[in-house]
Amino acid sequence: MLKTKLSLVLATHNNEKTLGRVLDALPISEGIQIVLLDDGSTDRTWEIALDWWKKHDLEDSGSVIHRWSEKKGYFAIAELGEELARGDDILFFYGDTSP
């Protein structure tokens with residue numbers, strides 16, 4: 001198994017309009033871990049994220065997907081993202097970041 005060089009931590013909250021485009025721009029390859037964290041979205045953000053996750057078969061890849069049932073805020077996401085990240089480097093970004 002290839003060592004994880006980069007962890008991409010993607011924080012989402014009610015990003016249903018932009019999330020699909022952001023997710024489709026993510027590089028899916030060995031050495032890159034995706035950490036996808038939903039901060040209690042009340043729109044379709046979680047469903048979009050989960051569909052994308054399943055489409056790319058990331059279940060056993062070392063990547064992580066997590067959802068809070070209620071909004072916890074950016075610092076909670078950053079803290080969990082840092083704990084879950086396994087890469088030598090970590091990049092944090094949001095579900096509305098333009099690729």
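**Patch, sheet and helix**

Modeller: The largest share of the nonpolar patch, three residues, comes from S4. Strands (E, at least two residues) and helices (H or I, at least four) are DSSP runs numbered from the N terminus. This is a predicted model, with pLDDT of at least 70 required for local features and 80 or more for side-chain atom pairs, while totals for chains, interfaces and linings use all residues. Residues are numbered from 1 along each chain as its sequence is written, and side-chain values use heavy atoms, without hydrogens and water.

Colleague: Which residues make the patch?

Modeller: Tyr74, Phe75, Ile90, Phe92 and Tyr94 form about 510 Å² of nonpolar surface (over 30% relative accessible area, no salt bridge, nonpolar side chains joined within 5 Å; Shrake-Rupley, 1.4 Å probe; salt bridge: Lys or Arg nitrogen within 4 Å of an Asp or Glu carboxyl oxygen). H3 and S4 each give two or more residues to the patch.

Colleague: How exposed is tyrosine 94?

Modeller: Tyrosine 94, in strand S4, counts as partly exposed because its relative accessibility is 41% (buried is under 20%, exposed over 50%).

Colleague: Changing topic, what is the strand order?

Modeller: The open sheet runs S3-S2-S1-S4, with parallel pairing (at least two DSSP bridges). S3 (64–68) and S4 (89–94) are the edge strands. Six bridges join S1 (residues 6–12) to S4, and valine 9 stands opposite phenylalanine 92 in S4.

Colleague: And which residues of H3 are buried?

Modeller: Ile77, Ala78, Leu80 and Gly81 are. Their cover includes S1, S2, S3 and S4. H3 (residues 74–84) packs on the sheet, touching these strands (heavy atoms within 4.5 Å).

Key
Axes fitted to C-alpha atoms, helices over the stretch in contact; angles between N-to-C directions. Buried < 20%, exposed > 50% of the residue type's maximum accessible area, 1.4 Å probe, protein only. Patch = residues over 30% accessible without salt bridge, like charges linked within 9 Å, V, L, I, M, F, W, Y side chains within 5 Å. Salt bridge = Lys/Arg side-chain N within 4 Å of Asp/Glu carboxyl O.
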